[in-house]
Amino acid sequence: MNFKLILDIAFHLLRARLKQSVVASVGVTFGIAMFISLLSFMNGLNDLLDGLMLNRTPHIRLYNEIKPSQNQPVSIYSRFRKNENFISSIKPKDRGKSIYNSKAIIKVLKEDPRVIDVAPKITSPVFFNSGTIEISGIVNGIEISSEEKLFTFSDYIIDGKISDLEQNNSIIIGKGLADKMLKVRGDVIKITTAKGNLATLKIVGISQVGISEIDDVSSYTSLNTAQKLIGESTNYITDIQIKLYDMASAPIVAKEMSRTFGVDTIDYQTANSQFETGSNVRLIISYSVGIVLLIVAGFGIYNILNMMIYEKMDSIAILKATGFSGTDVKWIFVSLSMVIGLVGGIFGLLFGFIFTSIIDIIPFRTAALPTIKTYPINYDPMFYFIGISFALFTTLVAGLFPAIKASKIDPVEIIRGK
């Protein structure tokens, strides 16, 4: 089989039907360009939302959950142990929120090769006093260096610096909270703890995560300040936040740590299951729409090649009469289809990159996301690889059926009909 001759004939047929060939290539180009643009934008949006939620969420969180005792006294008593015992109005067991022996646990976790780092934290409900009004909220006592390393907390501070928390009796409050109380950086704020302790702290910054449920109630201070605020010792820790090198292993590692340290654990997948479901649905929709576009372009190529076969019956008959086999004729039309797909695919990759680059510079500003300046785009090379691969596959299938039909044409019947 002379592939050079087959390609020459395929190019001749393309030039003979240049307008239709260009239309088919444009269909492939448009399909791939939209496929890449849609996937890049949707994945960029998912990355933005993942960053917004997951960057502020530890892969594993160690804490003490308030829950009833699993072994009730009646079940332990030998007389009733083998009986069916119905218990109602069970009161939760007060184990305390503090993690027992937290410093030793943190030391062990820091030496674990699976762990990037550990960030201890104190979470306590408080009341923010604004005149005679008390606004309920939460104070988060954080270890400044660890919190910045694991969660890049400074990205969410719109006024002030995270390092200012190293000052004694300082606090960073959420923007929603600051707007409610008309507070700005440099003001002082009075806080009442659940135990009735009253403290006055200086506002050294305003944070904005972009989630109103957080910005309206949360505030941040140093670990030492939080311990003094609630009147606890330096060993008092309510949460241990962990980030892993392999975040996919978080559910398994969380169960292991729960058994090892005797505390409750929750992994990021469990904590954000609904959020991940939304991301997966958006990804499925974007892939589906892109694939449909390429399939539509494939039907266009199929129709054009079918029409070309009907119009080129004489040429096909002459080719067969001069010694070309049915396989040769089939490869001519397959080659023609692949050329259309390849040319359209290359231009599709180019225009896809141009479209995504244009989207990437379009201004996008919202008060809820102060760190975002333009629309999010993900330039993953895999999108381009998938696009060109699927385009070539679609055009191959679209050209194969007309090519098989052309290979079965009987030249004697065509010539006799003429």
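## A buried aspartate and its partners

At 11% relative accessibility, Asp 117 counts as buried, because the cut-off for that class is under 20%. In this predicted model, Asp 117 forms a salt bridge with Lys 110, and the closest N and O atoms of the pair are 2.9 Å apart. Lys 110, by contrast, is partly exposed, with a relative accessible area of 45%.

A further salt bridge joins Glu 256 to Arg 114, with 3.0 Å between the closest N and O atoms. This pair links distant parts of the chain, since Glu 256 belongs to helix 9 (residues 250–261) while Arg 114 sits in the loop between helix 4 (102–111) and strand 2, 142 residues apart. Glu 256 counts as partly exposed at 31% relative accessibility, and Arg 114 also counts as partly exposed, at 31%. Salt bridges that share partners join Lys 110, Asp 117 and Lys 149 into one network.

## The protein as a whole

The protein has 15 helices and ten strands, and of its 418 residues 42% count as buried. Among contacts between residues at least 6 apart in sequence, 77% join residues that are at least 24 apart.

The structure holds eight salt bridges, and one of them is formed by the side chains of Arg 61 and Asp 239, which meet at 2.5 Å, N to O. Here too the pair links distant parts of the chain, with Arg 61 in strand 1 (residues 60–63) and Asp 239 in strand 9, 178 residues apart. Arg 61 is partly exposed, having a relative accessible area of 30%, whereas Asp 239 counts as buried at 5% relative accessibility.

## Helix 5 and its two sides

Helix 5 spans residues 144–151, and its buried residues are Ile 144, Ser 146, Glu 147, Leu 150 and Phe 151. Seen down the axis of helix 5, these buried residues fall within an arc of 165°, so they line one face of the helix. The face turned away from that buried side carries the exposed residues Ser 145 and Lys 149; Lys 149 is also a member of the salt-bridge network with Lys 110 and Asp 117.

The buried residues of helix 5 pack against four strands, namely strand 2 (115–130), strand 3 (133–142), strand 8 (218–222) and strand 9 (239–244). Just after helix 5, Thr 152 takes a positive phi of about 40°.

## Strand 7 and its neighbours

Strand 7 (residues 198–207) is mostly covered, with seven of its ten residues buried. Strand 4 (residues 157–160) pairs with strand 7 in the antiparallel sense over three bridges, and within this part of the structure the bridge partner of Gly 160 is Gly 205 of strand 7. Strand 5 (residues 170–174), on the other hand, pairs with strand 7 in the parallel sense over five bridges, and Ile 206 of strand 7 is the bridge partner of Ile 173.

Strand 6 (residues 188–193) and strand 7 run antiparallel and are joined by five bridges, with Ile 189 standing opposite Leu 201 of strand 7. The hairpin of strand 6 and strand 7 has four residues between the strands, and in this hairpin Gly 196 takes a positive phi near 95°.

Strand 3 and strand 8 run parallel and are joined by five bridges, while strand 5 and strand 8 pair in the antiparallel sense over two bridges.

Thr 225 lies in helix 8 (residues 223–229) and counts as buried at 8% relative accessibility. The side chain of Thr 225 makes a polar contact with the side chain of Ser 222 at 2.8 Å. Leaving aside residues up to four places away in sequence, Thr 225 touches Asn 169, Ser 170 and Leu 201; Leu 201 is the strand 7 residue that Ile 189 stands opposite.

Notes: Residues numbered from 1 in each chain as written. Predicted model: local features only at pLDDT ≥ 70, side-chain atom pairs only at ≥ 80, totals over all residues. Heavy atoms only, no water. Buried < 20%, exposed > 50% of the residue type's maximum accessible area, 1.4 Å probe, protein only. Arc of directions from axis to C-beta. Contact = heavy atoms within 4.5 Å. Polar contact = N/O pair within 3.5 Å; in protein donor to acceptor, adjacent residues only side chain to side chain. Pairing = 2+ DSSP bridges. Salt bridge = Lys/Arg side-chain N within 4 Å of Asp/Glu carboxyl O.
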